[in-house]
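Please examine the sequence and the model shown below.

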Amino acid sequence: MKKTPHILAIRFSALGDVAMSAPVLRRLVKTYPDLKITLVTKPSFAPLFNGIPNVSVFEADVKNNYKGFFGLWKLASDLKKLEFDAVADLHNVLRTKILRFFFFFFGKKRAFIDKGREEKKRLTSLKPKKIHPLKTTHQRYAEVFEKLGFPIGLSQKIHIEKPPLNEKASQLLKNSTKKWIGIAPFAAHTSKMYPMDLMEKTIADLDAENQYSLLIFGGGKTEKDLAENLEAKYTNVTSLIGKLSFKEELNLIANLDLMFSMDSGNGHLAALFNIPVITIWGATHPFAGFAPFGQAPENQLLPDLLQYPKIPTSIYGNKKVDGYENAMRTIPPKKVVEKIREVL
């Protein structure tokens, strides 16, 4: 009897990067229905892969159970018991390099992602430039599996069934029959965040139409307070921050009509379920390869690049450039609202 091929894929963080692996894995197992995949990731990210055939998650808590060098040896030893054939390192950081070193002694075939650091460095050099799209992260993930002998086409369409809305989310939305728009106004770095006064103007204009339920996602304590202030101020706004588990949030995102997001994780979460995503960009740019999967380029709203010709100035948004603080102010709320209406 022929043995089922088994690939161990590894990606620990961050949320958006882990989420971007899911559409690739879906197409991988559709192309090779006899292939088995075990994804090694943080326990909190496991719900991202629910419902993907032949994909199981090995939850690796590398901050506790598998901490440090000896913890990684324990992780490698535990993974060896799964009897996999090859390793797809979708992360390529020190932690996964150490694991690959262990797997070398186990006699396992290994391949790892090329992150394109040099070309990304050129893309974000602080000078006016003619920019061009680099490989997407999804393409870079697919190349890892191709190195292991499993080439895949990312353009193939896959229908994804929407899960029924869970009861907790239904109660929060009061069974609204309006169009559901997810809004993720926060990001890890301010250079990727639409200024809050412009965001509020966008929300106010959408709220005034009384056709949409506006659902705010993401953020910690400060962001929660901001979102709840908007909820108190506008009739059709509901803050979801701190009210749902990650699994419950994913369930709700799967049932949205549209997601409006910064260059941040929530756009990738909506793309998992083929939800239309409108993204707004500041210091970063979709040409770096981090746009949500399968989304139309015209749904990616950019600053005025004639006025700000050095954009993109950063891959992750963590680099601030003098004189570029107001780049996102060249994207007027009216343009955002018009794009939302157009997509809906």
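Is Phe-102 buried or exposed? Phe-102 is buried, with a relative accessible area of 5%, where buried means under 20%, exposed over 50% and partly exposed in between, for a 1.4 Å probe and protein chains only. The model is a predicted one, in which local features need pLDDT of at least 70, side-chain atom pairs count only at pLDDT 80 or more, and totals for chains, interfaces and linings use all residues. Residues are numbered from 1 along each chain as its sequence is written, and side-chain values use heavy atoms, with hydrogens and water left out.

A pair of aromatic rings is described by the distance of the centres and the angle of the planes. Rings of Phe, Tyr and Trp (its six-membered ring) pair if their centres lie within 6.5 Å; planes under 30 degrees apart count as stacked, over 60 as edge-to-face and the rest as tilted. The structure holds 13 aromatic pairs. One of them joins Trp-73 and Phe-102, whose ring centres are 5.0 Å apart with the planes at 80°, so this pair is edge-to-face. Because Trp-73 lies in helix H2 (residues 68–80) and Phe-102 in helix H3 (residues 94–105), the pair ties together parts that are 29 residues apart in sequence. Helices (H or I, at least four residues) and strands (E, at least two) are DSSP runs, numbered from the N terminus. Trp-73 counts as partly exposed, at 39% relative accessibility.

Tyr-308 and Tyr-324 also form an edge-to-face pair, because their ring centres are 5.0 Å apart and their planes are at 70°. Both of these residues, Tyr-308 and Tyr-324, are buried. Elsewhere, ring pairs link a cluster that includes Phe-69, Phe-70, Trp-73, Phe-84, Phe-102 and Phe-106. The charged end of Lys-80 sits over the ring of Phe-106, 4.7 Å from its centre; for this, NZ of Lys or CZ of Arg must be within 6 Å of the ring centre and within 35 degrees of the ring normal. Arg-95 lies over the face of Phe-12, at 5.9 Å from the ring centre.

Helix H9 (residues 246–253) has Glu-249, Leu-250, Asn-251, Leu-252 and Ile-253 among its buried residues. Their cover includes helix H6 (167–173), strand E6 (179–184) and helix H10 (265–271).

Ser-56 lies in strand E3 (residues 55–59) and counts as partly exposed, at 32% relative accessibility. Leaving aside neighbours within four places in sequence, Ser-56 is in contact (heavy atoms within 4.5 Å) with Ile-37, Thr-38 and Leu-39.

Rolling a probe the size of a water molecule over the atoms shows where empty space is left. On a 1 Å grid over the protein atoms alone, a cavity is a set of points where a 1.4 Å probe fits but cannot get out, and a pocket is an open set with protein on both sides within 12 Å along at least five of seven lines; lining residues have an atom within 4 Å of a point. Grid points are joined across faces, edges and corners, and a volume is the space filled by probe spheres set on the points. The largest pocket has a volume of about 490 Å³. Of its 25 lining residues, the closest to the centre are Gly-16, Lys-192, Asp-263, Ser-264 and Gly-265. Helix H1 supplies the largest share of this lining, four residues. The largest cavity holds about 40 Å³ of space, and H1 gives the most to its lining, with three residues.
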